[in-house]
Amino acid sequence: MKNRMEWGFLGGRVILGFIMLAHGIQKLGGIGNTIAMFEKIGQPAWLAYATAIIEAVGGAFLIAGIFVVPSAILLGLTMIGAIVLAKLPMGLIGGYEFPLSLFGLSLILAFTGSRKLALSEIISSEK
């Protein structure tokens with residue numbers, strides 16, 4: 001049972017990692033548009049940079065399997081921010097359902113971690 005759970009955590013970790021990495025790269029690649037979007041909802045430009053970096057780096061860390069718990073916590077916080085600051089007025093369907101799903105996956109990984117095929121496990125087992 002535990003082995004099956006670890007495979008499930010691996011799947012969730014990699015999927016969340018790719019989604020967040022893609023969103024972070026998209027935000028960084030069009031940082032001017034990202035800043036404009038953040039300012040439109042009343043948020044400062046620095047928050048656009050922070051969000052983009054957290055999404056890109058956190059996503060890459062999840063894929064690699066390093067700093068899984070802190071990355072999942074930070075990514076979960078960005079999803080709470082997306083829900084509260086941008087998506088909540090749109091309602092669940094077509095609004096905050098996607099960031100809520102990503103928050104749920106982040107929450108699971110923040111509590112469980114993910115060791116299967118994680119770079120951090122490979123490094124620690126060699127010591």
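This is a predicted model: local features need pLDDT of at least 70, side-chain atom pairs count only at pLDDT 80 or more; totals for chains, interfaces and linings use all residues.

Guide: The bend at a residue is the angle between two axes, one fitted to the seven residues ending there and the other to the seven residues starting there. Helix α5 bends by about 25 degrees at F98, and a proline, P99, follows within four residues. Just after the end of α5, G113 takes a positive phi of about 70 degrees.

Next comes the question of what lies against this helix. In α5, the residues G95, P99, L102, S106, L109 and A110 are buried, and what covers the buried residues of α5 includes α1 (2-29) and α4.

The packing with α4 can be described in detail. Two packed helices are described by the angle between their axes and the distance between the axes. Helix α4, residues 68-87, and helix α5, residues 92-112, pack at an angle of about 160 degrees, with their axes 8 Å apart. Because angles over 145 degrees count as roughly antiparallel, α4 is roughly antiparallel to α5. The crossing in which α4 passes α5 is left-handed. On the α4 side, the contact is made by V69, A72, I73, L75, G76, M79, I80, A82, I83 and K87, while α5 contributes G95, Y96, P99, L100, L102, F103, S106, L109 and A110. Sorted by class, this contact of α4 with α5 has 15 nonpolar, 3 polar and 1 charged residues.

Helix α4 also packs with α3, which spans residues 45-64, and here the angle is about 140 degrees, with the axes 9 Å apart. That angle makes α3 oblique to α4, and α3 passes α4 in a left-handed crossing. From α3, the residues making the contact are L47, I54, E55, G58, G59, F61 and L62, and from α4 they are V68, S71, A72, L74, L75, T78, M79 and L85. By class, the contact of α3 with α4 has 10 nonpolar, 4 polar and 1 charged residues.

Definitions and conventions: Residues are numbered from 1 along each chain as its sequence is written. Side-chain values use heavy atoms; hydrogens and water are left out. Axes are lines fitted to C-alpha atoms, for helices over the stretch in contact, and angles run from 0 to 180 degrees between N-to-C directions. Helices (H or I, at least four residues) and strands (E, at least two) are DSSP runs, numbered from the N terminus. Angles under 35 degrees count as roughly parallel, over 145 as roughly antiparallel, 65 to 115 as roughly perpendicular and the rest as oblique. A crossing is left-handed if the near helix is turned anticlockwise from the far one by less than a right angle, and right-handed if clockwise. Contact means heavy atoms within 4.5 Å. Ala, Val, Leu, Ile, Met, Phe, Trp, Tyr, Cys and Pro count as nonpolar, Asp, Glu, Lys and Arg as charged, and the others, Gly among them, as polar. Buried means under 20% relative accessible area, exposed over 50%, partly exposed in between (1.4 Å probe, protein chains only).
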